[in-house]
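Keep the structure open while you read, and find each residue as you go.

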Amino acid sequence: MTLIVDSCFDYFRPLFNIIFFLPNLRLIKPMKASRFHLATLKETPVDAEIVSHQLMLRAGLIRRIASGIYSWMPLGLRVLRKVENIVREEMNNAGGLEVLLPSCQPAELWQETGRWEQFGPELLRMKDRHQRDYCIGPTHEEVIVDIFRREFKSYKQLPVNFYQIQTKFRDEIRPRFGVMRSREFIMKDAYSFHLNQESLQKTYEVMYQAYSNIFDRFGLSYRAVKADSGSIGGSTSHEFHVLADSGEDAIAFSDKSQYAANVEMAEALPGDQIRAEPSKDMESIDTPNLHTIDDLAQGLKLDTKQCLKTLIVSGDKGGLVAFVIRGDHDLNPLKAEKLEGVATPFLLAEREQIKTMLGSDLGSIGPIGLNILTYVDHSAALVSDFVCGANSNDKHYINANWGRDCDEPTSVDIRNALDGDPSPDGEGHLKILRGIEVGHVFQLGEKYSEAMQATVLDENGKNKVTSMGCYGIGITRVVAAAIEQNNDENGILWPDSLAPFQLVICPLNYNKSDMVKQAADQLYLDCQKLGIEVLLDDRPLRPGVIFSDMELIGIPHRVVLSERGLKSEQFEYKGRRDNESQDLPLYELTDFLTKLFNPSSQSA
């Protein structure tokens with residue numbers, strides 16, 4: 001009898017240790033699949049366009065409640081909280097102070113900065129019972145500046161950096177791609193205040209490093225790229241992109257250095273540096289029905305590189321501005337809009353205005369004899385014997401040359417960078433990849449603080465407008481981007497740091513075999529003791545269904561226990577990214593898991 005009691009005590013010793021001697025493990029919540037809401041779908045929802053949207057719905061991470069609005073289910077919320085926790089830890093390490101700002105914001109604050117009208121229909125406006133105007137915050141610059149100007153009075157209180165993790169709402173005209181471009185989303189936004197540019201630059205560098213730390217911990221392949229500040233405003237800014245073939249943004253990076261930029265911002269340098277001498281006399285030829293570059297090149301049996309296209313846009317004083325680029329290149333509107341004389345926002349001119357002011361249709365416009373402000377791209381300025389419109393319908397010039405047939409151009413950078421272009425830093429050539437923007441850091445300067453009079457007393461006792469920085473991460477977007485980068489035909493491939501569970505135990509016939517049940521329960525307890533986030537799949541389902549669900553959900557590690565395996569003192573292990581499973585000795589199981597989830601403990 002004593003032997004039986006001793007054996008039972010030895011068997012349950014791990015459980016007693018957990019309950020009585022390891023109080024810190026109370027944070028590790030037991031999780032069995034029969035008590036957890038696993039709601040996977042076999043079929044792909046018809047309205048899910050991209051992989052992340054499809055898999056998030058099929059794996060039961062989210063459920064749609066309205067257009068662009070989603071509920072986060074228990075499995076998805078576990079992932080979301082992991083993203084939040086990593087962001088919060090690194091923001092705290094970087095000196096950020098967490099706050100929680102109201103999502104409902106009074107119109108008066110937005111009217112101070114002029115954004116109540118400027119933001120457009122994406123700003124969801126509403127009235128309260130007293131007919132006062134409010135909006136649901138898509139961002140929080142106005143609110144944080146209002147807090148700052150009320151709370152801070154002296155330069156001695158600076159710098160300061162506030163951040164929050166909170167729900168935003170932007171009334172997108174066409175929400176799509178699930179949580180990738182939804183109307184309601186969760187964002188980490190931070191705002192820093194500074195007495196001068198030097199202080200702002202220091203905090204900007206700290207935040208840039210914090211973001212690098214965050215994305216390193218996510219376990220994602222990413223690039224930080226120089227970017228345009230867009231509607232937020234300000235000067236210096238960088239975007240953080242998760243690399244994925246499905247990304248909406250094109251990013252350019254050097255194959256020999258650390259240079260990287262959004263393709264809209266990357267300087268497009270010409271491959272050739274010297275223009276060849278003219279070899280033929282210019283001629284005017286008839287080109288009926290040849291209105292596009294492709295038609296022209298095909299009709300004249302020329303390379304599109306030899307054809308120059310002239311685009312006409314609106315000028316800032318009601319006139320027109322011309323942009324001349326090579327036929328194989330695309331105009332970059334962001335670069336073009338910043339040039340003198342160009343209207344803001346950037347708009348292509350109307351066809352009727354072009355015909356009225358220039359005397360011919362758009363497909364026949366060219367730089368020779370064109371009496372409007374004209375910008376020529378660097379690469380276009382290096383082409384000799386080129387083809388261009390003759391400013392007369394259905395006519396083009398061939399063998400035209402700069403400096404001989406028209407004025408020598410002062411060239412500018414107005415095109416998109418391409419794969420193979422020289423890197424702007426002089427090292428190597430550019431490669432173009434697709435990326436999903438999930439983070440953005442800005443140096444806002446004084447745009448908002450000046451508009452709202454956010455000042456402090458400087459060293460001389462004089463009021464000085466503060467400089468601001470702004471730093472955002474799309475929390476919900478990170479989850480979708482991680483899936484876009486990490487998936488296969490079976491489902492999600494989570495990085496370990498973001499997976500809803502680290503390990504799943506799949507006991508075959510758990511509800512029929514006492515041997516399997518006893519071994520699975522013991523392993524389940526041992527995993528909790530080791531601090532492993534474990535899911536025990538005790539559902540009475542066929543092994544194929546269980547394995548399929550777990551691969552769809554994307555749990556990184558799987559241990560299978562079966563009666564036959566236990567009798568031969570073996571267990572089966574398969575990593576989610578492995579092609580094949582492997583059978584290992586049962587006595588090595590604890591050491592195997594310890595090395596797998598805490599390798600540093602083995603080298604101590």
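**Notes on the model**

1. Start at the surface. Glu-352 is exposed, with a relative accessible area of 60%. That puts Glu-352 in the exposed class, because the cut-off for this class is over 50%. Glu-352 sits in helix α10, which covers residues 351-358. Please keep in mind that this is a predicted model.

2. Look for Asp-394 in the loop between β17 (386-389) and β18 (395-400).

3. Stay with Asp-394 and check its backbone. Its phi is positive, about 65°, although Asp-394 is not a glycine. Most residues other than glycine have a negative phi. Asn-399 also has a positive phi, near 60°, and is likewise a residue other than glycine. Asn-399 lies in strand β18. Is Asn-399 buried or exposed? Asn-399 is buried, with a relative accessible area of 12%.

4. Now look at the peptide bonds. Most peptide bonds are trans. A cis bond joins Thr-344 and Pro-345, with omega about 0°. Pro-345 belongs to the loop between α9 (333-337) and α10. Another cis bond links Leu-158 to Pro-159, and its omega is about -5°. Pro-159 is placed in the loop between α6 (141-151) and β7 (160-169).

5. Next, take the strands. β15 (residues 320-326) pairs with β16 (residues 373-377) in the parallel sense, over four bridges. Val-324 stands opposite Val-376 of β16. β16 also pairs with β19 (residues 411-412), again in the parallel sense, over two bridges. There, Val-376 has Ser-411 of β19 as its bridge partner. Trace Val-324 to Val-376, then go on from Val-376 to Ser-411.

6. How many salt bridges does the structure hold? The count is 35. In one of them, the side chains of Glu-141 and Arg-115 meet at 3.0 Å, N to O. Glu-141 lies in α6 and Arg-115 in α5 (residues 115-118), so this pair ties together parts that are 26 residues apart in sequence. Glu-141 is buried, at 0% relative accessibility. Arg-115 is buried too, at 4%.

7. Compare two other pairs. Arg-326 and Asp-328 form a salt bridge, and their closest N and O atoms are 2.8 Å apart. Arg-326 counts as buried at 17%, while Asp-328 is partly exposed at 27%. The two fall in separate classes because buried means under 20% relative accessible area. Asp-537 and Arg-539 also form a salt bridge, with closest N and O atoms 2.8 Å apart. Here Asp-537 is buried at 0%, and Arg-539 is buried at 14%.

8. Some salt bridges share partners. They join Glu-172, Arg-176, Arg-181, Glu-248 and Arg-477 into one network. Arg-477 is among the buried residues of helix α12. This helix, residues 475-485, is mostly covered: ten of its eleven residues are buried.

9. Finish with the whole chain. Of its 604 residues, 50% count as buried. The secondary structure comes to 17 helices and 30 strands. The C-alpha atoms fill a box of roughly 110 × 70 × 50 Å, taken along the principal axes.

Key. Residues numbered from 1 in each chain as written. Predicted model: local features only at pLDDT ≥ 70, side-chain atom pairs only at ≥ 80, totals over all residues. Heavy atoms only, no water. Buried < 20%, exposed > 50% of the residue type's maximum accessible area, 1.4 Å probe, protein only. Pairing = 2+ DSSP bridges. Salt bridge = Lys/Arg side-chain N within 4 Å of Asp/Glu carboxyl O.
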